[in-house]
Amino acid sequence: MSAKSIKPTLVDPAVGPAVESAAAGAAAPSAAAPDPFNLASLRLNPSFLMTGVKKLLTTVPVKRPSPQDFVRVHPAPEYRENFAMVDLKDDREEYLVQPAILPELANEVVYKTVFTAVNRQGVVSLWPIRLPAPDDRKTEWPRSAREAAELAMTRWIRMKANMSLGAYEITVAESVIADPVWPELSYADLVRIAFRERIITTLDHPVIKRLRGQS
């Protein structure tokens with residue numbers, strides 16, 4: 001057998017073997033780009049899945065419901081209570097007052113029932129409504145507000161002030177709306193959150209000094 005003749009490879013001395021090798025690699029087809037929709041790469045690791053997540057309730061507004069909101073009121077008696085309160089109208093803030101100091105604040109406090117309410121967005125609030133006083137001529141506002149709160153224990157209602165009438169107008173939702181989901185907190189917890197910085201326990205409280213012109 002005769003040996004096969006091997007054809008020699010010619011190398012251009014001006015280019016050199018390294019450049020020629022790179023040129024040959026550039027001519028080779030490039031690898032396909034990875035598919036961004038590959039399910040194996042998109043699949044979420046089970047360790048990222050969190051179960052038992054619970055939203056913490058850290059803010060409870062103390063206010064009358066917005067006239068644009070449909071609301072419900074908690075029907076359980078343990079979710080409402082009567083309190084002595086100081087109402088700072090200019091600041092739109094209300095303070096709880098310890099009964100022990102009430103004899104010194106006869107002209108500064110009002111007595112209110114504080115109901116637990118929730119709107120359709122699930123925002124829980126405390127709704128104070130003034131208790132009627134024997135010598136109070138302006139009884140239609142608190143009376144109509146209390147009627148609205150009592151009706152809201154079973155129906156979704158909206159309450160709007162009618163200045164000409166001198167009372168609140170009550171609108172009942174016409175469509176069927178699911179019952180509200182109430183928080184698992186007790187009424188005491190809701191009050192503690194809502195009034196955590198607004199409770200008057202002594203006559204040295206800044207609010208009392210302000211009302212008496214002492215500061």
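Guide: Welcome! This is a predicted model, in which local features need pLDDT of at least 70, side-chain atom pairs count only at pLDDT 80 or more, and totals for chains, interfaces and linings use all residues. Residues are numbered from 1 along each chain as its sequence is written, and side-chain values use heavy atoms, with hydrogens and water left out.

Visitor: Why is T113 called buried?

Guide: Buried means under 20% relative accessible area, exposed over 50%, and partly exposed in between (1.4 Å probe, protein chains only). T113 has a relative accessible area of 5%, so T113 counts as buried. Its place is in strand β4; strands (E, at least two residues) and helices (H or I, at least four) are DSSP runs, numbered from the N terminus.

Visitor: What makes the pairing of T113 with N82 a polar contact?

Guide: A polar contact is a pair of N or O atoms within 3.5 Å; within protein, one must be able to donate a hydrogen and the other to accept it, and residues adjacent in sequence count only if both atoms are side-chain atoms. The side chains of T113 and N82 make such a contact at 2.6 Å, and the side chain of T113 makes another with that of R146 at 3.2 Å.

Visitor: Which residues does R64 contact, beyond its neighbours within four places in sequence?

Guide: Contact means heavy atoms within 4.5 Å. With those neighbours set aside, R64 is in contact with W127, M159 and Y168. The side chains of R64 and Y168 also make a polar contact, at 3.3 Å. R64 itself lies in the loop between α2 (39–42) and β1 (71–73).

Visitor: How do you know that the buried residues of α4 line one face?

Guide: The buried residues of α4 (187–194) are Y187, L190, V191, I193 and A194. Seen down the helix axis, they fall within an arc of 165°, so they line one face. The arc is that of the directions from the helix axis to the C-beta atoms. An α-helix has 3.6 residues a turn, so residues three or four places apart point the same way.

Visitor: What covers those buried residues of α4?

Guide: The cover includes β2 (80–88), β3 (93–97), β4 (110–119) and β5 (124–130).

Visitor: How many helices and strands are there in the protein chain?

Guide: The protein chain has 5 helices and 8 strands. Of its 215 residues, 32% count as buried.
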